[in-house]
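Take a moment to look over this protein and its ligand. We will start at the ligand and then walk out along the chain.

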Amino acid sequence: MEKAVFVALDYDNEQDVWNLLEKLGQPTETALKVGMELFYHSGINLVKELVQRGYKIFLDLKLHDIPNTVYGAAKQLAKLGVNCTTIHALGGSEMISAAKEGLIAGTPTGQTVPKLLAVTELTSISNTILRDEQNCVLPMAEQVVSLAQTAKKAGADGVICSPLEVENLRAKVGDDFLYVTPGIRLSGNHADDQKRIATPQKAREYGSSAIVVGRPITQAKDPAQVYAEIKKEFN
Ligand code: C5P
């Protein structure tokens, strides 16, 4: 995966998407993340249209179900021509392997299999929730490493994590794995609801393989200028 900067399209309607895309650059130079909100509103037709226009798409649906169901879902998603997609590592190694097999089975001949990225612990999970509700005996950092190792062994291509976790993960899980990081802010930006943030430059230094940026671009007065600035800083 080249060092992409995915713009998170966290919108509840298509018009806002097209308004933003009009302002951003060439589709072939633009990477987009479609999450659950937009997908559940506009569905596969919008994803197909974006792929057809030449955008690189990260489809972030965070699959988590029994292996057979995840296999079938991944097989369908692979037909869309997206660049990468997500599952929850907490679904277990059998489910992760099934997702990978589904992506391979569903990818049309001659096309590239979408990269499979595993979400470890969501950044909304605190140490207290991990201990008291998930009954996990490991501290957060070790739990994230353990889930990333499981995901890698099961065939995932990488994980979604905080930029602040990448150095440790690279040391313990390896450089032959992707580390895709949200939680990105330019210096001077508002953190919004993100807690563990880094600038694009820091993300590059920590070793992020690709970054995901939403509000700093989508809510900017000049989204194209901010997107270009972030790409330049990250690359
Ligand atoms: O607006 P902002 O830059 O905070 O958006 C970050 C994007 O990355 C959102 O789409 C959010 O859902 C996603 N994300 C995240 N943290 C994770 C996984 C995904 O912020 N651990």
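A polar contact is a pair of N or O atoms within 3.5 Å. Keep that cut-off in mind for what follows. One more point before we start: this is a predicted model.

Begin with the ligand. Which residues come nearest to it, out of the 13 around it? They are D10, R185, Q194, G214 and R215. Look at the side chain of R185. One of its N or O atoms lies 2.9 Å from an oxygen atom of the ligand. The side chain of D10 has an N or O atom 2.8 Å from a ligand oxygen. For the side chain of R215, the distance from an N or O atom to an oxygen of the ligand is 2.7 Å. How much of the ligand does the protein cover? On its own, the ligand has 470 Å² of accessible area, and the protein covers 84% of that.

The ligand sits in the largest pocket. Two elements give two or more residues to the shell around the ligand: strand β8 (210-213) and helix α9 (215-218). What kinds of residue make up this shell? Five are nonpolar, three are polar and five are charged.

Stay with R215 for one more step. Its side chain is also joined to the side chain of D193, by a polar contact of 2.6 Å. So R215 has an atom 2.7 Å from a ligand oxygen and a polar contact with D193, and both distances fall within the 3.5 Å cut-off. D193 belongs to the loop between β7 and α8. Now compare chain and space. D193 and S124 are 69 residues apart along the chain, yet their C-alpha atoms are separated by 9.8 Å.

The loop holds another residue to look at. D192 is in the loop between β7 (178-181) and α8 (200-206). Its phi is near 55°, a positive value, and D192 is not a glycine. Is D192 buried, partly exposed or exposed? It is partly exposed, because its relative accessible area is 32%, between the limits of 20% and 50%. K62 is found in strand β3, which spans residues 56-63. With a relative accessible area of 24%, K62 is partly exposed.

Next, go back to strand β7, where T181 is found. Its relative accessibility is 0%, so T181 counts as buried. The T181 side chain makes a polar contact of 2.9 Å with the side chain of S208.

Y227 lies in helix α10, residues 223-234. Y227 is buried, because its relative accessible area is 3% and buried means under 20%. Along the chain, 151 residues separate Y227 from Q76, and their C-alpha atoms are 31 Å apart. E29 is in the loop between α1 (14-23) and β2 (31-34). E29 is exposed, because its relative accessible area is 55% and exposed means over 50%. E29 and A4 are 25 residues apart along the chain, and 9.1 Å separates their C-alpha atoms.

Methods
Residues are numbered from 1 along each chain as its sequence is written. This is a predicted model: local features need pLDDT of at least 70, side-chain atom pairs count only at pLDDT 80 or more; totals for chains, interfaces and linings use all residues. Side-chain values use heavy atoms; hydrogens and water are left out. A residue is near a molecule or strand if one of its heavy atoms lies within 4 Å of it. A polar contact is a pair of N or O atoms within 3.5 Å; within protein, one must be able to donate a hydrogen and the other to accept it, and residues adjacent in sequence count only if both atoms are side-chain atoms. Accessible areas come from the Shrake-Rupley method with a 1.4 Å probe; for residues, only the protein chains shown count as cover. On a 1 Å grid over the protein atoms alone, a cavity is a set of points where a 1.4 Å probe fits but cannot get out, and a pocket is an open set with protein on both sides within 12 Å along at least five of seven lines; lining residues have an atom within 4 Å of a point. A molecule sits in a cavity or pocket if more than half of its atoms lie within 2 Å of its grid points. Helices (H or I, at least four residues) and strands (E, at least two) are DSSP runs, numbered from the N terminus. Ala, Val, Leu, Ile, Met, Phe, Trp, Tyr, Cys and Pro count as nonpolar, Asp, Glu, Lys and Arg as charged, and the others, Gly among them, as polar. Buried means under 20% relative accessible area, exposed over 50%, partly exposed in between (1.4 Å probe, protein chains only).
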